[in-house]
Amino acid sequence: MPVSAISASTVTTSSSPQVSPIMSPETTQLTTNNSSIQGSPDGPRGRESDFPLPPFELPESIDSRKSSQSAMSDALQLSKSPGLIRRLSNRATQLAGRRRQSSTTAMSRDHSTGPVIMRRRSDSTNTAPDGGRGAIFSDSDSDNGDFREDMYYPSMDGNRDFPSTTASIGSSTVPASSPGPGPVIPRILLQGTNLTKVTKKKKKLLTFILEKEAAKVSWDKNRPSKSFYIDDIKDIRAGVDARNYRQEFGVSAADESRFFSIVYAVPDKQNGRAQKVMHLIASDEQTFDLWTTTLDAISKHRQDLMASLSSFHDKAVKAYWRSEMNKLFQDKAHAEDDEEIDIVGVERLCRSLHIYGSSTDLRSRFDQADVSRSGRLNFVEFQEFVKLMKRREDVRAIYREWASDSNKGITLPEFLEFLKTVQHENVDADRPHWESIFAKFARRSKPKEQSQLMALEGEVPCMNETALSSYLISTFNIPLRSFPSQVAFNRPLNEYYISSSHNTYLLGRQVAGQSSVEAYISALNRGCRCVEVDCWNGSDGPVVMHGRTLTRQVSFADVMSTISKYAFVKSPYPLWISLEVHCSSVQQETMAEIIKKTCGSKLVTEPLDSCTDRLPSPDQLLNRILIKVKKPRLSEDITAVERSTGRNRGNSLNSPYIRPLQLDNSTVSAGLLPPSPYAPRRKIVKGNQFKYSGSEGQDSLSSSTSDSESLTEDPNRSKDKKYKTSNIIKVLGELGVYSAGLKFTGFDNQESKSYNHVFSFMENTFDKNSRAPDDKRAITRHNMQYMMRVYPNGWRVASTNFDPLKYWRRGVQMVALNWQTYDLGMQMNDAMFAGGGDQSGYVLKPKDLSSEIAGAGHVKRERKNVNFSIDVISAQQLMRPKNIPSSRSVDPYIEVEVYHADDKTKDNKGVVGEGGRNASAKDGFSGLGTPHKRRTQIMPENCFNPVFNEKFSFALTTKYPDLVFVRWTVRCSTNGNEYNDKPLPLATYTAKLSSLKQGYRTLPLYDNNGDQFLFSTLFCRIKIEPHTSIYVNGPESSTSEREGVFKTIRQTVFNRTPMSPKASVDSGHQ
């Protein structure tokens, strides 16, 4: 099998002469919708293996495997990088030690049926079906209810895999008509082969064994932590895709054909799940191919198998029954009537498929199917049990409402009317499309022979209850708007919100995390359009790292090569690279050379139109890379620059002193830091010198100094045109064609009116200087014409995120977040860029944030009344909380929160909600940072198919109707009676209201790391009323006051007077 198969989720092997371990004998092509292996944007490459692979064998019986009792725990666990243990304090060492995977935890996953997490698609080789719709069944599709609804992955699908690829019990949806026989595991891998494990410090020859029953790879049987599960593999890199790692670890180019890297998740009790990369060298090319192709094949097959069995796919059920009987009778001859399964076997099956329901309900279904009352089920009775498990009572009510004759089913006119009035689909725009969907579901809901007979007799096809259930969770019923076939991004760049990342190079915390190109690959594969690169002097050229911290470094050349390679995997719209430069002039020259070499023709090096004074549009910059960097210095006299900016040995890049545990971006309370070995310095303001003291300013616990945030200075200083604030050399600074970073000295300065400038502010600086109404309006008006970036405070040592709504409502284009942390802020960011054309990574700002209508002085201002309702109907196959005892029941409930961008005021209560239980703040007011929250009832002992049937209605008046977000959260009661929001949620889903489609929708659920569950979903009905307008009085301010805003902006916006208490602005990087 070619090596390229490892880096593509769509694997075509018809050209390969040998049998691949990921192909079944019945097919020559395998399309994997949910490959765990990430794709390379460069397409196929590599060589054909020159040895035959063994034939297929059937997978082991699932019933013989011990099920995982803590699937949620396993899905949410991670681990820290091992190098930290030696360098942190004793207390931190103990904590890190406790994060090691225990043998008990390891054993709990051994013999697991398959994964519970859906791997994100990350390649660019996928092609969307014609017309931008889900693939429709062909005549060769399996019959008798075996549906196949392929997930629609447009070229810009954001980072969401919608639930149509899930294996919800209520559907027969599977990744393919059948997963087929499992891949053969070559005997030599079961026995163990020698591979060289490569680390920074050494190369060590170890014996790697593939454990078939546990589905994991181990290299020390006496230490369970020395292993990883195949279900946790996120990517396998080989050849050119792994070259940067090979070079970084000093592996010879001669070994490239045998060198490969495995990216996998590891458990971490504190953070849920972290990522590791293992680098290996095979002894020969045959061993290399065996490991890479076999791991890829097993990973794909286990996910397909899990999806098929969890959906009780007919063929999968038959295969399961046959394997059970073969095991029971040990392949001995026996009568078919002797084949039976008892309640214990059924319970074991359900546990292995992560079905957590009441034992009473399970027994009730078993008894209903046990027609013979023998306490055991034959195959026919077992099939009836499966039908009872698949039945969706919540869908049955919808079916009976719309089917005029429930015995026959829903007719085509009834289905189309349902789509129009309830689902709000534009049926008339493409009626043949919807008619073909109806025909396929109607036909596939009946046996093939019956369908053919009905067609011959001219009987009108109808959609039965099973078909309707399958449609509701299919790709044709996704909850968010699809990417439109035609969309224009023709407004200037400053009129868009841009999906932006902060400290993109980090995989973990910003104090002691790991810098890696993997972080860039992840962000770009998820649709990020602005990445950050923090550059420092390195012994062999510039490196990327978080300065003055314990984070590891990575080569700048590797970072730029990776960015260039993956820049347009998810979106063809322009990518911004935000440079934070701490390098010497010599290494800056090297940086410029590397950027030009790696980006090539994609790099923007000069204005598209030298005659214009406004930024180009995203459409004009398709597949182009923009560099954001500080404006270059006016003089090449480095000494003069260093003297004028107050640089000294203490913060020099060549200083022998390394400050311990330094954070980034901001002043931090002394109570949070260890005692400093340095006495605080005090500078006296003299003439043209900056003022700073202690940790403020250039000597702060900071990674860098922002383009825009400036220390307090003499008010008259800005008049000195020769004053230099940048150490960026010309050859590098000139690359900032449309994004030249400036030090902020006021909006009224001539430089601040240049069309291509960018201001960058740390969140704390922005917040404390944007409280007064005039300040807010001044910032908003600036952002109508020019660019601004806001990034998190340095005291966020765990890389948490702020509320992005704060900055979006002020028109900030680049609201940069820590993408490695999937908290509320990141969930909102994902939702912001998840639906429709927003998947491009560019969202057009509301009109009143991109035109003068938002300026001061308007007598009447428009507000929007927003009214909508959400019916939380049911949930499907929710996971158990981590670390919960196996004997304890799970009692779930759902929270629905509404977030909006308006301030809380006495006159405006914010969101008014009805239904369920109000769990909002005690004062009942909602606004920025305080959501309106409502809860369903608690459903005792049912994580399998809880039915809530609760309707929540919401109403609010807002300035920003496009900035309303809804979050669904699944939680677990502590005792079946009390609500508990302290532990981490079981699952979440967040959406922007304007991106949601109406009607009955199946919502995907995500764990606390942002990974989608394979089969856990929510089923809701969404209704959104048309917005209505009202007009309110604008602020009272005189014309002279309004005209004076820009003249006094340095005093009014950032209070930059010499004696102001805000004089010392936190320094920090972009």
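How many salt bridges does a search of the whole structure find? The search finds 35 of them. The model is predicted, and its protein chain holds 26 helices and 34 strands. The points below begin with the charge pairs and then turn to other topics.

**Salt bridges**

- Side chains of opposite charge can pair when their charged atoms come close.
- One of the pairs joins K300 and D296, whose side chains meet with an N to O distance of 3.0 Å.
- Both partners belong to helix 6, which covers residues 285–310. They are 4 residues apart there, about one turn of the helix.
- K300 and D296 are both buried.
- R431 forms a salt bridge with E435, and the closest N and O atoms of this pair are 2.8 Å apart.
- R431 and E435 are separated by about one helical turn, because they stand 4 residues apart in helix 13 (residues 431–444).
- R431 is partly exposed, with a relative accessible area of 36%, and E435 also counts as partly exposed, at 28% relative accessibility.
- K730 and E734 form a further salt bridge through their side chains, at 3.7 Å from N to O.
- The relative accessible area of E734 is 44%, so this residue is partly exposed.
- Salt bridges with shared partners link E895, R935, R971 and D981 into one network.

**Cysteines**

- The whole structure was searched for disulfides, and 0 were found.
- For C528, the closest cysteine sulfur is that of C530. The two sulfur atoms are 6.5 Å apart, too far for a bond, because a disulfide requires sulfur atoms within 2.5 Å.
- C528 is buried, with a relative accessible area of 0%.
- C611, by contrast, is exposed, with a relative accessible area of 74%.

**Nonpolar core**

- In soluble globular proteins, nonpolar side chains tend to be buried together.
- The largest nonpolar core in this model consists of 147 residues. Within this core, L579, L732 and W968 have the most contacts.
- Strand 33, which spans residues 1012–1024, gives the most to this core, contributing 7 residues.
- What does L732 touch, once its neighbours within four places in sequence are left aside? Its contacts are L579, V581, Q588, M591, A592, I595 and V629.

**The loop that holds S225**

- S225 is placed in the loop that connects strand 6 (216–218) with strand 7 (227–229).
- Is S225 buried or partly exposed? At a relative accessible area of 26%, S225 is partly exposed, because the cut-off for a buried residue is under 20%.
- The C-alpha atoms of S225 and V266 are 9.4 Å apart in space, while the two residues are 41 apart in sequence.

**The chain as a whole**

- The protein chain has 1070 residues, and 60% of them are buried.
- Of the contacts between residues at least 6 apart in sequence, 76% join residues at least 24 apart.
- The accessible surface of the chain amounts to about 42,100 Å². Carbon and sulfur atoms account for 49% of this surface.

Notes:
Residues numbered from 1 in each chain as written. Predicted model: local features only at pLDDT ≥ 70, side-chain atom pairs only at ≥ 80, totals over all residues. Heavy atoms only, no water. Core = buried A, V, L, I, M, F, W, Y, C linked by side-chain atoms within 4.5 Å. Buried < 20%, exposed > 50% of the residue type's maximum accessible area, 1.4 Å probe, protein only. Helix = DSSP H or I, 4+ residues; strand = E, 2+ residues; numbered from the N terminus. Contact = heavy atoms within 4.5 Å. Areas by Shrake-Rupley, 256 points an atom, 1.4 Å probe, with all protein chains shown as cover. Salt bridge = Lys/Arg side-chain N within 4 Å of Asp/Glu carboxyl O.
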